[in-house]
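Open the model in your viewer and keep the selection panel at hand. Each stop below names what to select and then says what is there.

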Amino acid sequence: MVGIPATCNTKTDWENAVEYAVVHNAGKGEMKSRLEHLRDDHYKLVLKESSKDVPVEEQTPEDYEKVEDPAAEKNKLAFSDEWINALIAKLE
């Protein structure tokens, strides 16, 4: 591998990208940012049941609630926060 890949699709891809950043001292900030996004971006906003009758043009952010998104990459790949935090720690 030369450089940090644009996409990481497996646990091994993420580990190799972090290892490359550490060994070559390049792209640490980018990898840290990507890992933080992976860790923190696993919710989606869903319309609350009590707001179902509110017309779309009158809905506000309070009409939505955060719920766990099973389609989020972190959840699809079954990554834990601890595993992601360990990779982030390697970059610091």
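The tour takes the helix pairs, then an aromatic pair, then a few loop residues.

**Before you start**

This is a predicted model, in which local features need pLDDT of at least 70, side-chain atom pairs count only at pLDDT 80 or more, and totals for chains, interfaces and linings use all residues. Residues are numbered from 1 along each chain as its sequence is written, and side-chain values use heavy atoms, with hydrogens and water left out.

**Stop 1: helix 1 with helix 2**

Two packed helices are described by the angle between their axes and the distance between the axes. Helices here are DSSP runs (H or I, at least four residues), as are strands (E, at least two), numbered from the N terminus. Select helix 1 (11–24) and helix 2 (residues 28–40). Their axes come within 9 Å and cross at roughly 150°. Axes are lines fitted to C-alpha atoms, for helices over the stretch in contact, and angles run from 0 to 180 degrees between N-to-C directions. Helix 1 and helix 2 are therefore roughly antiparallel. The cut-offs: under 35 degrees is roughly parallel, over 145 roughly antiparallel, 65 to 115 roughly perpendicular, and the rest oblique.

The crossing of helix 1 and helix 2 is left-handed. Left-handed means that the near helix is turned anticlockwise from the far one by less than a right angle; clockwise is right-handed.

Now show side chains. Helix 1 brings Trp14, Ala17, Val18, Ala21 and Val22 to the contact, and helix 2 brings Lys28, Met31, Arg34, Leu35 and Leu38. Contact means heavy atoms within 4.5 Å. By class, this contact of helix 1 with helix 2 has eight nonpolar, no polar and two charged residues. Ala, Val, Leu, Ile, Met, Phe, Trp, Tyr, Cys and Pro count as nonpolar, Asp, Glu, Lys and Arg as charged, and the others, Gly among them, as polar.

**Stop 2: helix 2 with helix 4**

On helix 2, pick Lys28, Met31, Lys32, Leu35, Glu36, Leu38 and Arg39. On helix 4, pick Asp81, Ile84, Asn85, Leu87, Ile88 and Leu91. Sorted by class, the contact of helix 2 with helix 4 has seven nonpolar, one polar and five charged residues.

**Stop 3: helix 1 with helix 4**

How do helix 1 and helix 4 run, roughly parallel or roughly antiparallel? They are roughly parallel to each other. Their axes cross at roughly 15° and come within 9 Å. The crossing of helix 1 and helix 4 is left-handed. Lys11, Trp14, Glu15, Val18, Ala21 and Val22 of helix 1 meet Trp83, Leu87, Lys90 and Leu91 of helix 4. The contact of helix 1 with helix 4 counts seven nonpolar, no polar and three charged residues.

**Stop 4: the aromatic pair**

The structure holds one aromatic pair. Select Phe79 and Trp83: their ring centres are 4.4 Å apart and their planes are at 40°, so the pair is tilted. Rings of Phe, Tyr and Trp (its six-membered ring) pair if their centres lie within 6.5 Å; planes under 30 degrees apart are stacked, over 60 edge-to-face, and the rest tilted. Phe79 and Trp83 are both buried. Buried means under 20% relative accessible area, exposed over 50%, and partly exposed in between (1.4 Å probe, protein chains only).

**Stop 5: the loop between helix 3 and helix 4**

Go to Leu77, in the loop between helix 3 (73–76) and helix 4. Leu77 is partly exposed, with a relative accessible area of 28%. Leaving aside its neighbours within four places in sequence, Leu77 is in contact with Asn9 and Trp14.

Ala78 lies in the loop between helix 3 and helix 4. Check its phi: near 60°, a positive value in a residue other than glycine. Ala78 is exposed, at 64% relative accessibility.

**Stop 6**

Select Asn25, in the loop between helix 1 and helix 2. Phi of Asn25 is near 50°, a positive value in a residue other than glycine. Asn25 is exposed at 58% relative accessibility.

Finish at His42, in the loop between helix 2 and strand 1 (43–47). Is His42 buried or exposed? His42 is buried, at 8% relative accessibility. Not counting residues up to four places away in sequence, His42 touches Val67, Glu68, Asp69, Ala72, Lys74 and Asn75.
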